[in-house]
Amino acid sequence: MLIPTSTAAPLPATVPIKFLDRDHSILAFNERVFDWARRADVPLLERLRFLCIVSSNLDEFFEVRAVSHLTAAQNNEQNGVYTAESFKALSGIAHDMVARQYALYNDELLPAFGREGIRIVSHGERSTVQQRWVKSYFERAVRPLLIPVGLDPSHPFPQVANKSLNFIVRLGGCDAFGRENEIAIVKVPRVLPRLIHMPSRGEETGNKLFLSLSSVIRAHLVDLFPGRKVGEFSQFRVTRHSDLEVDEDDVENLRTALRLGLEQRHYGQAVRLEVSAGCSDYLSSFLLKQFNLPALALYRVPGPVNLVRLTQLVDLVNDPRLLFPRYKACYPQQLQPGQSFFERLRQGDVSIHQPFESFDGVLAFLREAVNDPQVLAIRQTIYRTGPDSELMLLLREAVRRGKEVMVVVELKARFDEEANINWAEMLESIGAQVVYGVMGLKTHAKMLLVTRREGRRLVRYAHLSTGNYNPGTARLYTDISYLTADPLLTADIDHVFVHLASHSRLPRLNHLLLAPFQLQRKLLEKIDTLAQAALQGKDTRIVVKTNALTDEDLMRSLIRAGQCGVKIDLIVRGACMLPAQVPGVTDNIRVRSVIGRFLEHSRVFYFRCGDDETLYLSSADWMNRNMLRRVELAWPVNDPVIRQRIIDECLVAYLHDGRDAWDLQPDGTYVLVNPADPARRHGAQSALMARYSASKTRER
């Protein structure tokens with residue numbers, strides 16, 4: 001048995017160490033994603049998709065993380081890690097990454113698409129027939145939506161929305177009133193598609209031809225300014241700080257406050273300006289001044305200013321030869337289609353490994369609960385469900401059938417606020433009980449509780465998850481869903497729901513670890529307990545799989561445990577501030593990141609002393625915000641068969657990944673694992689897809 005921390009001797013002092021920079025670590029993660037776009041063995045459309053993911057990640061970095069560095073640079077102040085030097089360093093990394101993105105796009109991907117008969121035809125490449133077609137398209141579908149704005153004292157620089165496409169034009173001659181106002185802005189509505197399919201004729205038959213919207217507008221700028229000479233021009237795009245901030249101490253209605261915040265989000269502080277590579281210094285300087293940005297915030301790009309929107313090409317082409325082989329998740333192995341979930345869960349717990357097993361099992365569980373007349377109540381947390389959600393429609397049906405439905409909606413889920421507000425209002429309008437958790441804390445826990453009448457008893461059934469209740473992301477993210485009828489665990493879940501609704505004091509929980517109350521403390525105790533055991537010569541092990549590791553208390557505890565002799569493996573997909581393998585300091589700690597076809601998202605915590613092992617699943621990353629500023633859950637997996645399955649599939653498989661894994665070096669860089677033996681170059685995700693596909697074949 002593990003030694004209780006309360007009776008253990010004090011641990012020796014930790015050898016001091018400097019943590020890695022969080023923002024540099026986030027950009028390093030983006031570099032690992034970028035590697036998939038560079039890989040020649042990845043299908044062509046998937047390479048483009050990964051390139052777009054990199055751009056989307058970089059957008060979010062600027063929208064959320066960059067403003068503090070920029071403000072420090074503008075004010076020439078030191079604010080902790082935010083300084084003029086930190087802004088300069090991060091800008092250098094971002095500029096280099098953007099340059100390599102466009103080099104890959106222009107020099108490798110576009111020629112490769114051309115060899116497949118897929119072309120994005122520029123203005124200079126268009127034949128006379130094609131130019132006529134483009135002119136017709138512009139006149140009927142684009143021009144009616146464009147309103148050029150000439151700048152003068154009565155027409156100041158217009159509000160430009162976050163990440164929108166715009167043009168700046170320098171005009172010659174005079175306007176209709178004889179004035180020489182030379183700058184005009186053309187805002188491009190978001191409703192216009194950024195890629196347009198162009199019919200192929202004659203020698204182009206068999207090819208797939210496309211136009212970028214920006215090239216269509218560029219070719220016809222002169223038509224927007226009759227009587228004026230169009231001189232210099234450029235497309236541009238501004239990225240703004242978009243993290244909604246609401247003073248919850250001064251808010252009477254959080255939902256109303258967020259609604260107002262959403263209206264203003266698109267016009268936050270500018271943090272980055274993208275322009276065409278050929279944009280003149282005059283126009284770029286004019287734009288920098290308008291947005292109050294320094295020169296380092298300017299990004300000149302040789303192509304479309306928004307690579308993210310090129311994801312549209314993947315759907316427009318939709319050629320199976322250029323995509324990953326289609327993977328269809330199997331129905332969860334521990335379940336039988338048509339079998340009652342309530343009957344199955346009375347036999348024992350069930351785990352579902354998504355996306356290798358289908359999220360349909362979770363939907364089927366809720367669907368049975370909605371349709372079962374013996375089910376009296378359904379309670380669920382909502383963090384990210386998306387605008388079109390079968391799950392939310394099922395909850396609406398449950399209300400219609402007279403069941404007591406309580407939904408804890410997290411309104412502040414970043415970039416999902418509007419969808420969550422809409423769902424909350426819909427459910428509230430039909431009689432569901434909707435609560436918004438605890439002010440000041442995000443409710444990030446994922447739990448669903450069903451209460452059913454069975455004879456004279458009320459029996460609870462529950463679903464817990466490391467991921468979101470979103471069928472779309474459930475096909476793309478690796479997560480663990482856990483179904484249980486364990487009376488102690490379901491009682492804990494019931495207590496948490498009551499706590500979130502009433503803010504009453506929580507009783508002592510049986511199995512759940514709950515943030516912000518005891519999750520961090522319990523994890524620290526477990527780590528320190530293993531450190532004590534290691535000092536006594538016992539065989540100890542910690543393996544943690546999480547999306548980020550930035551909590552300093554947990555990192556110090558891990559470092560101390562490693563220095564006491566605990567063998568520690570950390571599988572951290574994204575930002576990790578703990579330097580691994582530093583001689584004399586973190587020799588016993590290895591950190592690796594696995595980047596695959598699916599986004600690694602499951603959180604698994606493993607602790608072992610001798611033969612005594614404990615495994616937790618959780619909604620929480622090892623970040624300070626998750627431990628102390630969110631409502632998060634971790635729960636033990638007590639079924640030995642399920643526990644071993646999760647160890648094998650979520651931990652061992654990733655520790656032996658020889659293709660998609662990157663090992664963190666002492667200096668904070670990552671090195672792609674590439675074993676000398678080709679037989680060891682397998683990916684964990686590939687192996688799991690093969691295993692579940694073979695299992696599905698055997699079932700047939």
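The legends below describe close-up views of a predicted model.

Residues are numbered from 1 along each chain as its sequence is written, and side-chain values use heavy atoms, with hydrogens and water left out. As the model is predicted, local features need pLDDT of at least 70 and side-chain atom pairs count only at pLDDT 80 or more, while totals for chains, interfaces and linings use all residues.

**View 1. Helix H2 and Ser-55.**
Helix H2 covers residues 44-64. Helices here are DSSP runs of H or I with at least four residues, strands are DSSP runs of E with at least two, and both are numbered from the N terminus. H2 has 21 residues and spans 31 Å from its first C-alpha to its last, close to the 30 Å expected at 1.5 Å a residue; the expected span is 1.5 Å times one less than the number of residues. Of the 21 residues, 16 are buried, so H2 is largely enclosed by the rest of the structure. Buried means under 20% relative accessible area, exposed means over 50%, and partly exposed lies in between (1.4 Å probe, protein chains only). Ser-55 lies in this helix and is buried, with a relative accessible area of 7%. Leaving aside neighbours within four places in sequence, Ser-55 is in contact (heavy atoms within 4.5 Å) with Gln-101, Leu-307 and Val-308.

**View 2. The nonpolar cores.**
A nonpolar core is a set of buried Ala, Val, Leu, Ile, Met, Phe, Trp, Tyr and Cys residues joined through side-chain atoms within 4.5 Å. The largest one has 135 residues, and those with the most contacts inside it are Phe-236, Phe-291, Leu-570 and Trp-622. Helix H4 (residues 84-115) gives the largest share of this core, eleven residues. A second, separate core has 49 residues, among them Ala-445, Ile-647, Leu-655 and Val-673.

**View 3. The open sheet of six strands.**
The strand order is E2-E4-E3-E7-E8-E9, and the pairing is mixed. Two strands pair if DSSP finds at least two bridges between them. E2 and strand E9 (298-301) stand at the edges with a single partner strand each, so one side of each is left without a neighbour in the sheet. E3 and strand E7 (residues 229-240) run antiparallel and are joined by six bridges. Asn-166 has Phe-236 in E7 as its bridge partner; Phe-236 is also one of the residues with the most contacts inside the largest nonpolar core.

**View 4. The open sheet of three strands.**
This sheet has the order E1-E6-E5, with mixed pairing. Strand E1 (118-120) and strand E5 (195-198) are the edge strands, each pairing on one side only. From one strand to the next the twist averages 30°. Axes are lines fitted to C-alpha atoms, for helices over the stretch in contact, and angles run from 0 to 180 degrees between N-to-C directions. E1 runs parallel to strand E6 (residues 208-212), with three bridges between them; the bridge partner of Ile-120 in E6 is Phe-210. Helix H5 (residues 128-142) lies across E5 and E6 and runs at about 130° to E5.

**View 5. Strand E12 and its two partners.**
Five of the six residues of strand E12 (residues 404-409) are buried. Strand E11 (residues 375-382) pairs with E12 in the parallel sense over six bridges, and E12 also runs parallel to strand E13 (residues 433-435), with three bridges. Met-406 of E12 is the bridge partner of Arg-379 and stands opposite Gln-433 in E13. E11, helix H13 (residues 390-400) and E12 form a right-handed β-α-β unit. Right-handed means that, with the strands pointing away from the viewer, the path from the first strand over the helix to the second runs clockwise.

The bond between Gln-354 and Pro-355 is cis, with omega about 0°; Pro-355 sits in the loop between strand E10 (350-354) and helix H12 (360-371). A cis bond also runs from Ala-515 to Pro-516, with omega near 10°, and Pro-516 is in the loop between strand E18 (513-515) and helix H16 (519-535). Lys-163, which is not a glycine, has a positive phi near 65° and is found in the loop between strand E2 (149-150) and strand E3 (166-172). Its relative accessibility is 26%, which counts as partly exposed. Asn-318, also not a glycine, has a positive phi near 45° and lies in the loop between helix H10 (311-317) and helix H11 (341-347). At 51% relative accessibility, Asn-318 counts as exposed.
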